[in-house]
Every structure is written in structure tokens, then in C-alpha cells.
Amino acid sequence: MALVGVLALQGSFNEHIAALRRLGVKGVEIRKPEQLQNVASLIIPGGESTTMAKLAEYHNLFPALREFVKMRRPVWGTCAGLIFLANKTTGQKTGGQELIGGLDCTVHRNFFGSQIQSFEAELSVPELASKEGGPETFRGVFIRAPAILEAGPEVQVLADYPVPSKQLWHSDSSVEDQKVSVEVESKVIVAVRQGNILATAFHPELTADTRWHSYFLKMANDTGEEASSSLVSVHVN
Ligand code: GLN
């Protein structure tokens with residue numbers, strides 16, 4: 001099994017590495033751009049996206065991270081990692097932090113409110129159901145969690161979450177034009193896949209359930225096979 005990189009600047013990278021270990025896979029801590037060359041896929045953990053972005057900038061990681069995504073290497077962002085991967089964010093007071101981008105989504109950084117409004121919820125995720133009829137529900141841990149408010153046509157929604165209309169807008173922003181009108185929606189998106197990119201607004205690494213990690217490893221494996229078979233066809237032709 002190819003090595004999985006875990007961006008280890010800040011946040012729950014140790015928990016991701018532990019979850020991978022439980023599946024018999026080695027997670028490699030990534031702190032420098034050149035280390036990305038040693039891994040086939042990458043997990044960007046949850047944490048605090050502004051701090052993570054500042055550290056990524058300090059270590060000159062953005063060009064290499066963008067290249068990694070552009071090369072269609074498998075990348076999974078959880079929570080702050082999801083924010084990092086989005087093309088657009090909303091819900092911050094000023095311009096916000098630098099993003100890697102690639103995921104055709106608009107993400108509200110703190111949609112569900114502050115730390116004390118963190119919660120757990122049972123999500124329905126058909127993609128996680130096993131062929132043997134295993135459950136499709138997953139207990140999501142949402143910590144100061146973001147939500148996806150808009151997703152482009154290539155984005156596959158893996159899970160959404162119903163929002164009671166009274167709770168629909170919870171902003172840390174005082175800027176009027178950022179008060180996007182989600183009032184008409186009854187659901188927000190909390191897990192997506194777009195080709196090589198997987199993103200979850202919650203923290204599977206903080207639970208004992210490793211199905212999201214298995215899902216990502218399978219996705220990484222399939223993407224790797226596609227990449228190597230296209231390499232073979234280049235050589236053959
Ligand atoms: N909303 C947080 C941020 O802006 C992310 C929270 C998390 O990763 N648990 O960074």
C-alpha cells in the first residue's frame with residue numbers, strides 16, 4: 001500500500017495517523033514541500049484554517065499543495081482541511097486565509113457556530129454502506145464546523161445535514177453581503193467528492209469508526225491504478 005501523507009502543521013494530524021495505523025497503513029507527517037514527493041495521497045486534517053494557512057505559507061507549502069491537487073493525486077480534507085480545499089469561502093470578517101482550492105464549492109467557515117455549538121449527529125451516507133448490508137449511518141463529530149453552501153456540477157454530494165430554519169443563519173461575520181441566503185434551504189452539504197478530492201465537514205479521525213479512512217484508501221487506490229494504467233497506455237502507444 002502506497003504511503004499516505006498527513007499535513008502535520010496543526011490540528012488533528014496525529015488522530016488521522018492513528019486511524020490509518022488501525023487499518024495497517026502508514027501515515028507520513030508532511031511539513032515541507034519536498035515531502036509531498038514521497039506520498040501518493042494526502043490528508044489535510046481539521047484544526048484552525050487561518051493558523052494552518054499561516055503555517056503553510058511560512059513553510060512555502062502552497063505551490064506544492066496546489067500542484068499535488070492539480071496532478072489529481074487523492075486528497076481528503078476534514079473540517080479545516082475542507083475549507084482549505086474549497087475554491088471559495090464565506091463567513092469571515094475580512095478577506096480570509098489563503099486556500100489551496102480545487103474543490104468547486106463555496107464553504108461557510110463556521111456555519112454551525114462557535115466551539116460551544118459543536119455537536120455530534122447521525123448522518124446518512126449511502127457510500128459507506130457495505131455490500132453485505134452494513135449500516136450507511138455515520139456519527140459525525142462537528143467541531144466549530146464549516147458547511148458547504150454551494151457545490152458545482154462535478155461535485156458528488158455524499159452527505160447532507162438538515163438545518164432547522166431558525167438555526168439557518170449563524171454567522172461570525174458582521175458583513176452584510178456575506179449573509180448568504182441559505183434560509184430557503186433545508187439542508188447543507190457536509191461531505192463531498194469531486195474526482196480526486198474528498199472533503200468532510202466533520203471529524204472521522206476523532207471516532208473509532210474507520211470507514212471514511214477505508215473509503216479514502218480505496219479511492220486513493222483506484223485513482224492510483226487509473227494513473228498507472230494511463231501511464232502504461234502512454235508507453236504502449
Ligand atoms: N471552522 C474552523 C476554521 O475556520 C475549522 C474547525 C475544525 O477544523 N474543527 O478553521
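Predicted model: local features only at pLDDT ≥ 70, side-chain atom pairs only at ≥ 80, totals over all residues.
**View 1. Residues around the ligand.** The shell around the ligand is made up of Gly46, Gly47, Glu48, Ser49, Cys79, Ala80, Ile83, Arg109, Asn110, Ile143, Arg144 and Pro146. Sorted by class, five of these residues are nonpolar, four are polar and three are charged.

View 2. Helix α3 spans residues 62–70. Leu65, Phe68 and Val69 are its buried residues. These buried residues line one face of the helix, because they fall within an arc of 95° when seen down the axis of α3. In an α-helix there are 3.6 residues a turn, so residues three or four places apart point the same way. The buried residues of α3 pack against β3 (41–44), α2 (49–58), β4 and β12 (197–200). Pro63 and Lys70 lie on the other side of α3 and are exposed. Just after α3 comes Arg72, with a positive phi of about 65°. Arg72 belongs to the loop between α3 and β4 (75–78).

**View 3. Arg144 in the loop between β8 and β9.** Arg144 sits in the loop that runs between β8 (137–142) and β9 (147–151). Its phi is positive, about 40°, although Arg144 is not a glycine. With 19 other C-beta atoms within 10 Å, Arg144 is partly exposed.

Conventions. Residues numbered from 1 in each chain as written. Near = placed C-beta within 6 Å. Nonpolar A, V, L, I, M, F, W, Y, C, P; charged D, E, K, R; others polar. Helix = DSSP H or I, 4+ residues; strand = E, 2+ residues; numbered from the N terminus. Buried ≥ 20, exposed ≤ 12 C-beta atoms within 10 Å, placed from the backbone. Arc of directions from axis to C-beta. Contact = placed C-beta atoms within 7 Å.
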